[in-house]
Amino acid sequence: MSKGLGITAEEERIAGRRREDAERQTVAEQRHSRGASLKSLLEGVQLRSKAAIAEIAISQVTHDSRKVQPGALFVAIPGVATDGTLFARDAVSHGAIVVVSEASAPADWPDVAWVQVTEARKALAITAANFFGRPATALKLTGVTGTNGKTTTTSLIDSILRASGAKTGLFGTISYHTPGREYPAPNTTPESVDLQNFFAEIRDAGGSYATMEASSHALAMDRLWGCHFATAVFTNLTRDHIDFHKNFENYFAAKRRLFEGTGAGEPDFSIINTDDEWGKKLAGLGKTTLTYGLQNGTDLKAKKFQLSFSGLNFTAQTPKGPIQVESALVGRINVYNILAAIGAGIGLGISNDIIETGIRNLRAVAGRFQRIDQGQPFLVVVDYAHTDDALQNLIRTARELITKGRIITLFGCGGSRDRTKRPIMGDTSGKLSDLTILTSDNPRQEDPLKIISDIVVGMQKSGGKYLIEPDRAKAISLAIGKRGRATSCCWPVKGMRTTRFLRIARSILTIAKWREKR
């Protein structure tokens with residue numbers, strides 16, 4: 001261990017691996033670099049023009065002009081901020097020999113093939129799948145969508161599949177995994193061309209399954225188009241990403257697409273949380289629906305569970321008989337996540353004993369109610385909570401597990417994202433915490449103090465006690481200084497910054513421990 005920062009050898013190994021992977025092609029990219037014909041790549045793509053397609057050998061499919069290699073097919077995607085067609089000339093200058101776009105070719109376009117399509121994003125997904133030999137058809141896919149719980153649920157499902165002895169792929173917020181490899185995760189769900197590339201790598205390694213978080217952005221932007229899902233899971237729906245979707249109805253409509261089918265038929269099994277009001281609207285979609293929840297009337301339910309820091313032990317009642325759950329995961333929310341994973345396991349034909357083993361094997365999920373123990377006489381938990389509902393679940397879980405003592409919550413909100421949830425999160429923390437410390441959390445292009453001021457509106461409405469410290473390291477020290485011996489510190493922190501946050505927190509806790517001993 002690097003004692004100065006409190007970094008474990010495992011964290012150092014993962015960080016080094018990610019740096020290496022960011023600089024390499026994947027195995028699948030290397031194997032498919034020999035190319036395919038343009039005609040074969042456009043099979044299934046809806047074209048605007050009926051003109052004959054020239055026999056051109058394509059060595060790469062991409063939508064990023066910066067990544068174009070000689071012999072590439074460049075798909076110009078109309079984006080939120082700009083239009084990919086504006087980068088077509090740049091792509092050609094880097095070696096692209098075909099451009100695919102919804103627009104017609106400019107009047108002064110050079111002698112380079114231009115293919116006009118009806119929907120560029122779907123064209124990207126289809127041409128990528130064709131380029132890699134339609135790898136998804138060799139795999140059983142599981143997609144998990146919802147506002148909260150996706151990462152834990154996908155991790156549980158993947159653990160169940162690996163307990164069966166299968167080689168698997170796992171894609172989500174934390175990272176992307178293929179058999180024997182790990183990649184950094186720039187998005188919750190990979191772009192379609194990257195996803196098909198990963199599917200090919202799983203297939204070529206002898207894998208059978210891929211499990212992924214299906215974000216609302218990915219569904220709305222057709223990253224999953226052409227993928228048939230063996231199982232599709234809905235966890236819950238609360239306010240998030242309204243800056244992108246514009247309203248809650250559009251947000252739900254994006255989630256619904258997973259259960260209606262993403263261009264390859266509806267899912268074989270839909271696993272739906274019908275304790276959630278929005279989940280009830282999805283019941284009946286999919287060839288077969290399994291419902292889950294804690295209320296009566298669901299296909300999968302938990303009986304007599306108790307909450308403790310040692311984990312969860314309960315019997316899950318299922319259509320395939322009882323399943324005995326022993327899990328190191330804690331909190332009521334993880335009862336839901338485990339039931340969802342059990343439903344997916346049943347949909348994939350996994351036996352009850354393998355499901356039990358897979359759940360038992362998953363000891364923790366990074367950044368999900370993750371405890372930091374440096375010998376301090378109080379509990380510290382780091383969590384990804386980035387919505388008011390997730391924050392509420394986090395603090396209430398701490399309340400359920402700690403019957404005595406104070407709860408100090410330290411959090412911030414990301415910049416250049418939905419501003420409307422900031423005061424709601426402030427109100428939530430103010431009502432449920434004994435003290436809230438507001439700090440900076442990935443402000444992007446925004447002024448951190450302006451972000452915090454948005455949160456303060458909700459804090460003041462709640463009447464809860466709060467302090468402001470924009471510097472995160474100082475905010476952690478402040479939280480430690482304000483706690484008592486019977487205190488829980490809840491620190492929501494998001495995304496790829498979780499590892500760095502843990503390093504800072506461990507370092508400060510180690511120093512604090514040393515001072516107490518002195």
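This is a predicted model: local features need pLDDT of at least 70, side-chain atom pairs count only at pLDDT 80 or more; totals for chains, interfaces and linings use all residues.

Me: Where do Glu 446 and Arg 422 meet, and how far apart are N and O?

Reply: Side chains of opposite charge can pair when their charged atoms come close. The criterion for a salt bridge is a side-chain nitrogen of Lys or Arg within 4 Å of a carboxyl oxygen of Asp or Glu. Here the side chains of Glu 446 and Arg 422 form such a bridge, at 2.6 Å from N to O. Glu 446 sits in the loop between strand S21 (435–438) and helix H16 (448–462), and Arg 422 in helix H15 (residues 421–432), so the pair links distant parts of the chain, 24 residues apart. Helices (H or I, at least four residues) and strands (E, at least two) are DSSP runs, numbered from the N terminus.

Me: Are Glu 446 and Arg 422 buried or exposed?

Reply: Buried means under 20% relative accessible area, exposed over 50%, and partly exposed in between (1.4 Å probe, protein chains only). Glu 446 is partly exposed at 22%, while Arg 422 is buried at 0%. Salt bridges that share partners join Arg 419, Arg 422, Glu 446 and Asp 454 into one network.

Me: How many salt bridges are there by this rule?

Reply: The count is 19. Among them is the bridge between Glu 43 and Arg 134, at 3.2 Å from N to O. Glu 43 lies in the loop between helix H3 (38–41) and strand S2 (57–58), and Arg 134 in the loop between helix H5 (120–131) and S7, so this bridge ties together parts 91 residues apart in sequence. Both count as partly exposed, Glu 43 at 47% relative accessibility and Arg 134 at 40%. Another bridge joins Glu 191 to Arg 121, with the closest N and O atoms 3.4 Å apart. That pair links the loop between S10 and H7, where Glu 191 lies, to helix H5, which holds Arg 121, 70 residues apart. Glu 191 and Arg 121 are both buried.

Me: Which charged residue is buried yet has no salt bridge?

Reply: For charge, Lys and Arg count as positive and Asp and Glu as negative; His and the chain ends are not counted. The residue is Asp 389, whose nearest side chain of opposite charge, Arg 396, is 7.2 Å away. Asp 389 belongs to helix H14 (residues 388–401). Contact means heavy atoms within 4.5 Å; beyond its neighbours within four places in sequence, Asp 389 contacts Asn 148 and Thr 238.

Me: In what order do the 11 strands of the open sheet stand?

Reply: Strands of a sheet pair through backbone hydrogen bonds, either parallel or antiparallel. Two strands count as paired if DSSP finds at least two bridges between them. The order here is S10-S9-S8-S11-S7-S12-S13-S14-S15-S16-S17, with mixed pairing. Strands S10 (181–183) and S17 (323–327) stand at the edges with a single partner strand each, so one side of each has no neighbour in the sheet. Within the sheet, S8 (residues 168–171) and S11 (residues 209–213) pair in the parallel sense over four bridges, and Leu 170 stands opposite Thr 211 in S11.

Notes
Residues are numbered from 1 along each chain as its sequence is written. Side-chain values use heavy atoms; hydrogens and water are left out.
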